[in-house]
Amino acid sequence: MSFNLAFTKKRTILTLMLLLITLNTQGAGMNSLSDYQWKNRLILVQAADKNGGEIDTLRSARAAVDDRDIVWFVNTGADLVSNQDGVSSSLESEIKALLDQFRSDERVLLIGKDGGMKSREPSLDLDAIFRRIDRMPMRMREMRSD
């Protein structure tokens with residue numbers, strides 16, 4: 001009887017650990033921009049509205065975005081759209097507050113894996129952003145190791 005109870009407890013703990021790992025790998029549990037540090041580069045966009053084209057542009061570049069470990073967020077004013085499922089309300093509030101801190105001509109922010117601000121641009125130019133990322137030392141190491 002005690003063997004079965006110990007085995008059941010261990011199995012329950014293992015199941016919970018696997019569940020937590022699965023949730024973390026799918027973006028759940030990301031409640032702050034700092035949770036992305038050393039894992040992802042971030043592109044934050046303040047769009048005029050949903051029809052501004054930024055979301056379509058980012059979605060159409062999925063392979064290049066994924067290759068560079070980019071997570072993007074587009075604030076449309078009414079909504080926060082991302083290539084990540086399940087954006088928490090605290091993360092959404094932090095992103096909107098950060099975007100509000102910048103001038104209206106700095107609508108696109110690039111944040112590096114180190115958490116540092118890498119660029120602030122007036123519009124979304126993915127080719128320029130990709131070139132900037134590809135010149136970063138960390139990205140150059142990533143490309144050499146692939």
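Five strands make up an open sheet, ordered β3-β2-β1-β4-β5, with mixed pairing; strands here are DSSP runs of E with at least two residues, helices are runs of H or I with at least four, and both are numbered from the N terminus. Two strands count as paired if DSSP finds at least two bridges between them. β3 (80-82) and β5 (117-121) sit at the edges with a single partner strand each, so one side of each has no neighbour in the sheet. From one strand to the next, the twist averages 15°, with axes being lines fitted to C-alpha atoms (for helices, over the stretch in contact) and angles running from 0 to 180 degrees between N-to-C directions.

A word on the model: it is predicted, so local features need pLDDT of at least 70 and side-chain atom pairs pLDDT 80 or more, while totals for chains, interfaces and linings use all residues. Residues are numbered from 1 along each chain as its sequence is written, and side-chain values use heavy atoms, leaving out hydrogens and water.

Now for β1 (41-46). On one side, β1 runs parallel to β2, joined by 6 bridges, and Ile43 stands opposite Trp72. β1 also runs antiparallel to β4 (residues 108-111), with 4 bridges, and there Ile43 faces Leu110. Helix α4 (residues 89-100) packs on the sheet, touching β1, β2 (70-75), β3 and β4, and its direction makes about 65° with that of β1; contact means heavy atoms within 4.5 Å.

What about β2 itself? Of its 6 residues, 6 are buried, so β2 is largely enclosed by the rest of the structure. Buried means under 20% relative accessible area, exposed over 50%, and partly exposed in between (1.4 Å probe, protein chains only). In a regular strand, side chains alternate between the two faces of the sheet. β2 pairs with β3 in the antiparallel sense over 3 bridges, and Val74 has Val81 as its bridge partner. The two strands form a hairpin with 4 residues between them, where Gly77 in the turn has a positive phi of about 95°.

At 68% relative accessibility, Ala48 counts as exposed. Its C-alpha atom is separated by 8.5 Å from that of Asn75, 27 residues apart along the chain.
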